[in-house]
Amino acid sequence: MIILKDFSLHLLDLAQNSLRAAATVISLDLNEDVTANRLIIDIEDNGRGMDPTTTKKAVDPFFTTRTTRKVGLGVSLFAAAAKRCGGEFTICSEPGKGTKLTASFLLNHWDTPPMGDMAGTIITLIAGNPKVDFFYRHRRGKAEYRFDTRSIKEILTDVPISSPTVLAYLEEHIRKGLTQMETL
Ligand SMILES: Nc1ncnc2c1ncn2[C@@H]1O[C@H](COP(=O)(O)OP(=O)(O)OP(=O)(O)O)[C@@H](O)[C@H]1O
Ligand SMILES: [Mg+2]
């Protein structure tokens with residue numbers, strides 16, 4: 001069975017792992033190196049991390065530390081997607097420090113998924129976890145879009161970042177930023 005997800009859904013799913021690991025800062029970095037025909041995605045958190053055995057098992061779909069369900073699929077599906085798309089997957093984790101996942105994909109591979117609703121993913125994460133900081137960077141060739149909740153929270157002194165007005169504004173900002181990058 002192959003489950004196809006767009007990148008925004010993969011990231012939403014993997015960021016949930018970081019949140020469950022009590023991360024306070026989560027960084028999502030996408031680099032579309034058009035010349036090298038490669039997309040590289042880094043997901044890094046400062047959560048509780050994993051020991052080497054747990055890290056190895058995280059890539060195995062029949063391993064999970066959750067008790068509510070028997071199989072964990074988030075990491076293994078992402079790793080499988082990278083491999084299917086001519087890329088690679090690595091996971092680095094250290095207990096007490098955090099976790100970093102890196103996946104690469106051939107940009108022109110038939111199976112490489114579309115980006116999907118990236119603004120929706122970021123806004124959903126912020127709305128549900130206003131105390132956590134999210135850093136998002138997306139590069140395509142020389143174009144770059146960056147988004148950091150830390151700098152936004154500095155400006156927002158009276159209103160919480162999760163208030164509907166702020167979220168609506170931020171969503172629009174991200175959408176515009178990402179669309180602009182596409183047309184550069
Ligand atoms: N960022 C992370 N920090 C700490 N532990 C992690 C992290 N990502 C994954 N893990 C560990 O690896 C296991 C497998 O993760 P995976 O996302 O594949 O499955 P799951 O989260 O258990 O279930 P699912 O994603 O299918 O709901 C997790 O249960 C957790 O123990
Ligand atoms: Mg998961």
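What follows is a chat about salt bridges, a helix and some strands in a predicted model.

Me: What kind of model is this, and how are things numbered?
Reply: It is a predicted model, where local features need pLDDT of at least 70 and side-chain atom pairs count only at pLDDT 80 or more, while totals for chains, interfaces and linings use all residues. Residues are numbered from 1 along each chain as its sequence is written, chains are lettered from A and ligands numbered from 1 in the order in which they are written, and side-chain values use heavy atoms, with hydrogens and water left out.

Me: How many salt bridges are there in the whole structure?
Reply: The search finds ten. A salt bridge here is a side-chain nitrogen of Lys or Arg within 4 Å of a carboxyl oxygen of Asp or Glu.

Me: Which residue does Arg140 pair with?
Reply: Arg140 forms a salt bridge with Glu32, and their closest N and O atoms are 2.8 Å apart. Arg140 is in strand S5 (residues 133-140) and Glu32 in strand S1 (residues 25-33), so the pair ties together parts 108 residues apart in sequence. Helices (H or I, at least four residues) and strands (E, at least two) are DSSP runs, numbered from the N terminus.

Me: Are Arg140 and Glu32 buried or exposed?
Reply: Both are buried. Buried means under 20% relative accessible area, exposed over 50%, and partly exposed in between, with a 1.4 Å probe and protein chains only.

Me: And what does Arg175 pair with?
Reply: Arg175 forms a salt bridge with Asp117, with 3.0 Å between the closest N and O atoms. Arg175 sits in helix H6 (residues 164-183) and Asp117 in the loop between strand S4 (98-106) and helix H4 (118-128), so this pair ties together parts 58 residues apart in sequence. Arg175 is partly exposed at 34% relative accessible area, and Asp117 is partly exposed at 38%.

Me: Which residue meets Lys153 in a salt bridge?
Reply: The side chain of Asp133 does, at 2.9 Å from N to O. Lys153 is in helix H5 (residues 149-155) and Asp133 in strand S5, and the two are 20 residues apart. Lys153 is partly exposed at 26% relative accessibility, while Asp133 is buried at 14%.

Me: Which residues are joined into a network by shared partners?
Reply: Asp29, Arg137 and Arg139 are joined into one network by salt bridges that share partners.

Me: Switching to H6. What is its span?
Reply: H6 has 20 residues and reaches 29 Å from its first C-alpha to its last, close to the expected 28 Å. The expected span is 1.5 Å times one less than the number of residues.

Me: Which H6 residues are buried?
Reply: Val166, Leu167, Leu170, Ile174, Gly177, Leu178 and Met181 are buried. They cover an arc of only 95° around the axis, which puts them on the same side of H6. The arc is taken from the directions from the helix axis to the C-beta atoms.

Me: What do the buried residues of H6 pack against?
Reply: They pack against H4, S5, strand S6 (143-148) and H5. Contact means heavy atoms within 4.5 Å.

Me: What is on the other side of H6?
Reply: Exposed residues on the other side of H6 include Pro164, Tyr169, Lys176 and Gln180.

Me: Now Ser104. Where is it, and what does its side chain touch?
Reply: Ser104 lies in strand S4 and is buried at 9% relative accessible area. Its side chain makes a polar contact with the side chain of Arg38 at 3.2 Å. A polar contact is a pair of N or O atoms within 3.5 Å; within protein, one must be able to donate a hydrogen and the other to accept it, and residues adjacent in sequence count only if both atoms are side-chain atoms. Leaving aside neighbours within four places in sequence, the contacts of Ser104 include Leu39, Ala82 and Glu88.

Me: How is S1 paired, parallel or antiparallel?
Reply: Eight bridges join S1 to S5, and these run parallel. Eight bridges also join S1 to S2, and these run antiparallel. Two strands pair if DSSP finds at least two bridges between them.

Me: Which residues stand opposite Leu30 and Asn31?
Reply: Leu30 stands opposite His138 in S5, and Asn31 stands opposite Ile40 in S2.

Me: What is between S1 and S2?
Reply: They form a hairpin with four residues between them, and Asn37 in the turn has a positive phi of about 55°. Asn37 is partly exposed at 22% relative accessibility.
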